[in-house]
Amino acid sequence: MIRWLYKFSSPKWFYNLSSGYLPWLTIITTILLVTGVTWGLLFSPPDYQMGHSYRIIYIHVPAAGLMEGCYYLIALMSITVLVWNIKMADIVAKACAPIGATATALMLATGAIWGVPTWGTWWTRDARLTSSLIMLFIYIGIIALRSAMNSEGNAAKACAVLALVGVVNVPIIKYSVTWWNTLHQPASPLSFRDTAANPPEIWIPAIFTGVGMIGFFLIVLSLRTRNEILLRERKAAWVQEMINES
Amino acid sequence: MMIELQFSGLSEFLTMGGYGLYVWSSYGLFLLFLIVNIGFLLLSKRKILAMLKARQARENQ
């Protein structure tokens with residue numbers, strides 16, 4: 001564990017590692033997203049109640065998953081910052097926040113659009129909707145707090161504390177549909193039976209767009225992290241060398 | 001499991017059984033999400049390289 005932490009905490013090690021996997025990840029992500037979107041728009045059968053409008057699910061649910069996963073990663077990095085004071089963890093946490101914020105905005109927007117034909121309203125005071133909106137505010141809060149602080153070290157600690165306070169909201173979003181009587185439906189269990197409410201021909205494209213979104217997240221996260229490394233390590237010999245060659 | 005084309009023509013595909021506006025605006029926002037995230041990156045990478053180079057040029061004077 002400690003050994004892995006030391007290796008991970010080396011910005012140069014991450015920079016070289018990401019140079020190797022980024023082209024492959026980009027190819028795989030493109031294939032997954034193109035397959036998922038094509039399948040979801042053209043080949044999935046229409047829902048018996050919602051007709052074709054349900055196709056929004058192939059964007060909405062992966063965006064929600066990204067909002068959740070991205071926040072858990074920020075929380076994990078925040079613990080690492082506070083306990084071991086590792087610079088790389090703060091770089092990753094900083095790189096995560098704007099992706100999580102845009103994913104949350106995408107999830108809220110597609111949900112509102114879907115709500116108009118399905119619920120007859122784009123917004124209502126529902127536990128799932130409200131807690132998701134709070135999540136967007138928490139993401140924006142973390143970004144704003146960092147930009148308001150001059151010292152990198154202080155910003156790292158303050159953002160880590162704020163992120164760990166905000167993590168309480170993530171399970172609230174997840175379980176809001178079971179704890180309270182919400183207009184938003186609970187998750188439909190995946191089934192392998194064709195006659196089920198959520199049969200394979202509906203959820204398989206969502207797996208493609210979902211894993212594709214994770215791939216996209218990892219690409220953008222890696223590239224943002226690399227940029228931040230260049231900035232913070234500009235005095236290091238290996239970065240100096242790279243600038244001279246560019 | 002049946003995998004077959006759900007639309008018989010382009011106009012049927014575009015109108016999405018009356019839900020065209022909702023479906024296409026959602027997929028449009030998804031495209032915007034991808035573009036915004038990539039756009040931020042390209043801008044900042046260019047800025048960073050130019051900034052670091054200018055700084056180095058200053059220091060070498």
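Keep in mind that what you see is a predicted model. Is A:I202 buried or exposed? Its relative accessibility is 13%, and buried means under 20%, so A:I202 counts as buried. Leaving aside residues up to four places away in sequence, A:I202 touches A:P45, A:Y54 and A:Y58. And A:W119? That residue is 83 residues apart from A:I202 along the chain, and their C-alpha atoms are separated by 21 Å.

Next, a spot where two chains meet. Helix α4 of chain A (residues 87–119) packs with helix α2 of chain B (residues 20–60) at an angle of about 175°, and their axes are 9 Å apart. Angles over 145° count as roughly antiparallel, so that is how α4(A) and α2(B) run relative to each other. On the α4(A) side, the residues making the contact include A:I99, A:L106 and A:I113, while α2(B) brings in B:L29, B:F30 and B:F33, among others. Sorted by type, the residues of this contact come to 13 nonpolar, 5 polar and no charged.

Now for chain B itself, which has 2 helices and 0 strands. Here are some values for it:

| Property of chain B | Value |
|---|---|
| Radius of gyration | 23 Å |
| Span of the C-alpha trace along its principal axes | about 70 × 25 × 15 Å |
| Accessible surface | about 4,200 Å² |

For comparison, a compact globule of 61 residues would have a radius of gyration near 10 Å. Buried residues make up 25% of the chain B residues, and 68% of the chain's accessible surface belongs to carbon and sulfur atoms.

Note on methods
Residues are numbered from 1 along each chain as its sequence is written. Chains are lettered from A and ligands numbered from 1 in the order in which they are written. This is a predicted model: local features need pLDDT of at least 70, side-chain atom pairs count only at pLDDT 80 or more; totals for chains, interfaces and linings use all residues. Side-chain values use heavy atoms; hydrogens and water are left out. Axes are lines fitted to C-alpha atoms, for helices over the stretch in contact, and angles run from 0 to 180 degrees between N-to-C directions. Helices (H or I, at least four residues) and strands (E, at least two) are DSSP runs, numbered from the N terminus. Angles under 35 degrees count as roughly parallel, over 145 as roughly antiparallel, 65 to 115 as roughly perpendicular and the rest as oblique. Contact means heavy atoms within 4.5 Å. Ala, Val, Leu, Ile, Met, Phe, Trp, Tyr, Cys and Pro count as nonpolar, Asp, Glu, Lys and Arg as charged, and the others, Gly among them, as polar. The radius of gyration is taken over C-alpha atoms; the globule rule is 2.2 Å times the number of residues to the power 0.38. Buried means under 20% relative accessible area, exposed over 50%, partly exposed in between (1.4 Å probe, protein chains only). Accessible areas come from the Shrake-Rupley method with a 1.4 Å probe; for residues, only the protein chains shown count as cover.
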